[in-house]
Amino acid sequence: MTLSKNGEIGLAVFLVVMFLLPFLMLGVIYGEAPYHTVAGEPVKEAADAAGISIVSVKGTLWNQTGAIGGKTYTLTDPEGDNAIIATQAFDSAESRDAAIRLYNSHPLGKGKPVGNLLVVGQYLVYATPSNSPIFAKLAPALQQAAKAQS
């Protein structure tokens, strides 16, 4: 092998590593959320802790494989902000993660609703509007609930 051939092989290996490294880092940083059962109603408990009022609650079932039911909450805070938070429980990590992949497969504005999606154990929690100050207040408490139960 000549020096030029070694340089080309080294360059090829370097380019492959540089291409794969971001994907490996994303996999490490954003690994799948563990599937576990969260007791109670995490959104209700987080709203109570944050001083947010629940205006209405109604049962809902998403048209997704493995969905076993959830609730849709209409919330308001003392500043007059409103938000709708929908939860859906899933029977397995695979069905929950399939719903997340389906949600992420749609480009924004082409069938993908504008909102935030959060995983709390067996639940997917979806909040609209995406820039809601209410969800900004609830998200830390929901993440704590997810970590406390795992």
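**View 1. Salt bridges around Asp77 and Lys137.** A salt bridge here is a side-chain nitrogen of Lys or Arg within 4 Å of a carboxyl oxygen of Asp or Glu. In this predicted model, Asp77, Glu79 and Lys137 are linked in a network of such salt bridges. Lys137 belongs to helix H4 (residues 133-149) whereas Asp77 lies in the loop between S2 and S3, so the pair ties together parts that are 60 residues apart in sequence.

**View 2. The five-stranded sheet.** The strands form an open sheet in the order S1-S2-S3-S5-S4, with antiparallel pairing. S1 and strand S4 (116-120) are the edge strands, each of which pairs on one side only. Averaged over the sheet, and with direction ignored, neighbouring strands are turned by 20 degrees against each other. S2 and S3 run antiparallel and are joined by seven bridges, with Leu75 standing opposite Ala83 in S3. Helix H2 (residues 42-50) packs on the sheet and touches S1, S2, S3, S4 and S5, its direction making about 20 degrees with that of S2. H3 likewise packs on the sheet, where it touches S3, S4 and S5 and has a direction at about 30 degrees to that of S5.

**View 3. The hairpin of S1 and S2.** Seven bridges also pair S1 with S2 in the antiparallel sense, and Ile54 stands opposite Leu75 in S2. Six residues lie between the two strands of this hairpin, in which Gly66 takes a positive phi near 85 degrees.

**View 4. Aromatic pairs.** A search of the whole structure finds two aromatic pairs. Trp62 and Phe90 form an edge-to-face pair, at 6.4 Å centre to centre and with 65 degrees between the planes. Trp62 sits in the loop between strand S1 (53-60) and strand S2 (67-76) and Phe90 in strand S3 (residues 82-90), so the pair ties together parts that are 28 residues apart in sequence. Trp62 counts as partly exposed at 23% relative accessibility, while Phe90 is buried, with a relative accessible area of 1%. Tyr103 and Tyr126 have ring centres 6.0 Å apart and planes at 70 degrees, so this pair is edge-to-face. Because Tyr103 lies in helix H3 (residues 93-105) and Tyr126 in strand S5 (residues 123-128), the pair ties together parts that are 23 residues apart in sequence. Both Tyr103 and Tyr126 are buried.

Conventions: Residues are numbered from 1 along each chain as its sequence is written. This is a predicted model: local features need pLDDT of at least 70, side-chain atom pairs count only at pLDDT 80 or more; totals for chains, interfaces and linings use all residues. Side-chain values use heavy atoms; hydrogens and water are left out. Rings of Phe, Tyr and Trp (its six-membered ring) pair if their centres lie within 6.5 Å; planes under 30 degrees apart count as stacked, over 60 as edge-to-face and the rest as tilted. Helices (H or I, at least four residues) and strands (E, at least two) are DSSP runs, numbered from the N terminus. Buried means under 20% relative accessible area, exposed over 50%, partly exposed in between (1.4 Å probe, protein chains only). Two strands pair if DSSP finds at least two bridges between them. Axes are lines fitted to C-alpha atoms, for helices over the stretch in contact, and angles run from 0 to 180 degrees between N-to-C directions. Contact means heavy atoms within 4.5 Å.
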